[in-house]
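Please keep the sequence and the model in view while reading.

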Amino acid sequence: MVHRFGEYELDVAAGELRRRGRAVEIQPKPLALLVLLVREHGRVVSAREIRDELWPGTTVTPASLSRAVSHARRAIGDTNRGALIRSVSRRGYRFCGELVDAEAARALPEVQPERDRASVFVGREDELARLGRAWAETAAGRGGVALVTGAAGIGKTRLLERFASDAAARGARVLTGRSRAGDGVPPFWLWTQVLRQLRDEDTGDQTAELGELLPELASDSDRSRFRVLDATSRALVRASRARPLLVLLEDLQWADPPSLRLLEHLSFELGGEPILVVASVRNEFRERGHPLDRTLGVLRQQERTAELALVAFSRREVAALLGRVLGRPAPTDLSSEVFARTEGVPLFLREAIRLLAERGVLDEPERLPRAGIALPGRALDLIGRALDTLSEPARALVAAAAVLGRDFALDAAAEVADVSLEAALDSLDDAARAGVAEASPDDTGAWRFTHALFREAAYAAISAGERVRLHLRAARWLEHVHATSPEAAMAELAHHHHRALALGDPARALEWALRAAEQAARLGAWEQAAQHYEQAVAAVGHARPVDPERRLSVLLALGEACRLSGERTRRREVLVQALDLARSLGLVDELARAAIAFSDLQDWGIRDAQARGAVTEALAALGDAPSVARARLLTRLAYFDVLHDAYVESRPIARQAVALAREAGDPEALQDALYVLHFAIGGPDHVDERARLGDETVRVGAASPAADRALISLVDLASDRMMLGDRVAANALRARADAIGGEHPTPAMRWHKGVYDTGLALLEGRFEHVRPLSEQALLVGRRAEHPYARSVHGGQRALLAQERGDFAGVLSVWEPVLGAVEGPLHWLAAKVARARLAVGRVEEARAQFESLAKDDFADVPRNLRWTATLVELAFLCAELDDVARAKPLHDLLAPFEHQHAVMPIVVFYGGPARFALARLCETLGRRDDALALCDEARTSAVELGARPTQARVALRLGLLSAPRDRRRAKAALAESAKLAGELGMAAVAAEARAALEALA
């Protein structure tokens, strides 16, 4: 990818920095630093993270990093020390430049080729069908007029272009005339363009006649005008006898009156001629007596005039358009955001898509910025022109209305603008004539901006000081109107008081912000709750004197709202402030609360030294006395120990946390402690204890207020039941997770459910559902800022490729991450070795297997991933035909033959342990044992609903049975061939069919 910022381009693939197209000399480490910061654009990258990336496995001094930063700044002309590469005190560095994807920008020129524009045309099926029928009638000698009407930017021109292309392919001769806005347009300008095209394309007698006619078009005398009307009609009719004509007239609202008269004249001639005139007309306010109104009246009286009124695209059509651009179904969040910002208006859609492409979002739709889409200036020119036509009183009234929002009441706008109702109504009439605002048909006191962008442009034009005054008036008006029942207006009150802080009362702003936040939290609207808590933090900062304890309380509430809304980065920033403030104030309980909130159990699998340090500090400050806070801190300490592979050490700490939480009777603390203890004793052992913990978790989760972590526990328990082959129990737990999540689950809840469901689709062989489910889960996971969102998505892609026999695809995903320091490292290494073996890289696969088999596989952690890892190693061992390693592997796995290889939550399924044991027995020459285990594995796969695994096991069962029982072998091979064929597992199906043919 090539990133552009200012005069510079950073070509990541080429490892080159360029300025105005010329390479800039830069050393490798500063270049690597620049690549890292640009890649993480907008995020503060810690010094430790930079050191790990630039100097992996090496200890360097802070001076080395400072030199790299200095050289990088010098290379990109960042002489102001921080304009582009900003140093964030005690946290790290952030790249603050405005980035553009240079490749995408080059691929999208200002005016796209016609073929590119046509390739993304969607919607308007009904309109195209009607125009198509009109053309069929025209080709048969029955012409007419079609009027395409609609608001500015609604896609009239685009529809005409598409229809013209279709009609030309069906034999039409297309002639086009375009009106020009403004004065100085010559008469008959529309038809001058049409006749010039006709003259330039024709030869023979008509060319000379047209040459004589064209000068007359510029004449304004009545006699010449009549001649023009008649002669132009005759010229078009004659031309249509050789080939049917399609005449496109764009923007009739700007057409000169003579051109309109000629159109009226022609409309009476078309009924018996192969000529179709299609004209676009903008719906806008026109003064009484406008020439176009007469023309439209004449045309609408004609029997062969059709009118097509265009409206904005629906949400479905926007999604279809994005799908055509992406080449695959658009993520729901992307289509929803684009629809919300553009309201389906094609003009704004085009600009939004252009902007998203330039920023690289269309390459990775999950990168849709949380702030959404802001359209560029050229798309807003249309908006600006309409606002510029307003009178000064109307502009002031529209500004006041813009402060209130897109929908506003007449009396509210009048109050905020400080004018009478009558004056406000006059101004709104002015705005309505300009197409800026419209009254509600049901309530004369209710108004709205005709498009959200009119409201935004009007608001942007207000000076900073005037905005503050207008917001303060709005706040006071709302308090007056809703004095007795403010619940319906709390969010508005919080918003206006926040915007008016420079002049208003911080205490009132704080009160309304907190009330609005609590109201949003009760409704589960965590994003909105976080927004209101941010307003509360600002209000506390404006109060004099500042109350640090009140600030700490609000910060803690904001941190929790950010956690539930999935804003991980912001949550950590807020809670660092809370930790510092609690520490400075000596408030032990608040320090513990901040440390607990900072250590989010939803992150599963991330080593976090900063969070662990906060937990140990809070434990030391809290002391040894039993308490709920101590139980919750111990829970997190045990969790961090598990992540550092200190499983044995973590277990007594987790058990202590469970005991304290039980004693305290706190369901939330107990739920968390049970989850971590279940995590700590994960693996092939402790199955009975984990089952008991699971039953208790289900009971406690029903009473816990922390539904998000209860849901994660339930999905984890469902994975456990899948590991034991109990699909019914797993389904019941998954359904319970849906019930706990409710109608409005948090982003983290949605992600956990999404990755589980994607894994289930892989397990069941619903391969056509895997990609959309995985893409949606990735989008939600990125929004929730889950640390494992990308890697889980990559794993799902790799497993789908594996199921389809695409081992090169497997390696393309997993080989680049083989050196990771966190995650299922041994399982991943075994998967990569199997893929390498499948593509013929035998020696690499064997060397990797030898590394994993060190000390008879003693290095494989005996944790919740152990069974899945051993199963993969067993398959690898059999595929390598390694007899020596088969025996110790068999002995390790045999006690757990009833289990299935299932990665918790993500459900990365590897098959029944019995199938892996069967392959080992086959390697050891124990054919009878292999047959028996294969038979049992097939039954297990059927009971679990694992159809791809069933196909593989049936294939192996058939091959093993063939020497002794041909009938049984044929049945198994036929089952495999049929099932694999249905699932699209081509390699398995081919092998099964070949084996069947050999037995015939």
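Ala618 counts as buried because its relative accessibility is 2%, where the limit for a buried residue is under 20%. The model in which this value was computed is a predicted one. Ala618 belongs to helix H28, which spans residues 609–622. With residues up to four places away in sequence left out, Ala618 touches Leu591, Ala592, Ala595 and Leu633. Between Ala618 and Gly6 there are 46 Å in space, C-alpha to C-alpha, and the two are 612 residues apart in sequence.

Which residues surround Met722, once its neighbours within four places in sequence are left aside? Met722 is in contact with Arg727, Ala730, Tyr756, Leu760 and Leu763, and also with His900, Val902, Val907 and Leu944.

His497 is placed in helix H22, residues 490–499. Among its contacts outside the four neighbouring places in sequence are Ala475 and Glu479, together with Arg508, Ala509 and Trp512.

The next topic is a pair of helices. Helix H36 (residues 767–783) packs with helix H37 (residues 789–803) at an angle of about 170 degrees, and their axes are 9 Å apart. The two helices are therefore roughly antiparallel, since an angle over 145 degrees counts as such. On the side of H36, the contact is made by Phe767, Val770, Ser774, Glu775, Leu778, Gly781 and Arg782. These residues meet Ala789, Arg790, His793, Gln796, Leu800 and Glu803 in H37. By class, the residues of this contact divide into 5 nonpolar, 4 polar and 4 charged.

The last topic is a sheet. In what order do the strands of this open sheet lie? The sheet has 3 strands in the order E13-E15-E14, with antiparallel pairing. Strand E13 (407–409) and strand E14 (437–439) are the edge strands, each pairing on one side only. On average, neighbouring strands of the sheet are turned by 30 degrees against each other, direction ignored.

Strand E15, residues 446–449, is joined to E14 by 3 bridges and runs antiparallel to it. In this pairing, Ala437 has Phe449 of E15 as its bridge partner. E14 and E15 form a hairpin, with 6 residues between them. E13 also pairs with E15 in the antiparallel sense, over 3 bridges, and here Ala409 has Ala446 in E15 as its bridge partner.

The two faces of E15 can be told apart by their residues: Trp447 and Phe449 form the covered face, while Ala446 and Arg448 form the uncovered one. Helix H18 (residues 410–417) packs on the sheet, where it touches E13 and E15. The direction of H18 makes about 80 degrees with that of E13.

Notes: Residues numbered from 1 in each chain as written. Predicted model: local features only at pLDDT ≥ 70, side-chain atom pairs only at ≥ 80, totals over all residues. Heavy atoms only, no water. Contact = heavy atoms within 4.5 Å. Pairing = 2+ DSSP bridges. Helix = DSSP H or I, 4+ residues; strand = E, 2+ residues; numbered from the N terminus. Axes fitted to C-alpha atoms, helices over the stretch in contact; angles between N-to-C directions. Parallel < 35°, antiparallel > 145°, perpendicular 65-115°, else oblique. Nonpolar A, V, L, I, M, F, W, Y, C, P; charged D, E, K, R; others polar. Buried < 20%, exposed > 50% of the residue type's maximum accessible area, 1.4 Å probe, protein only.
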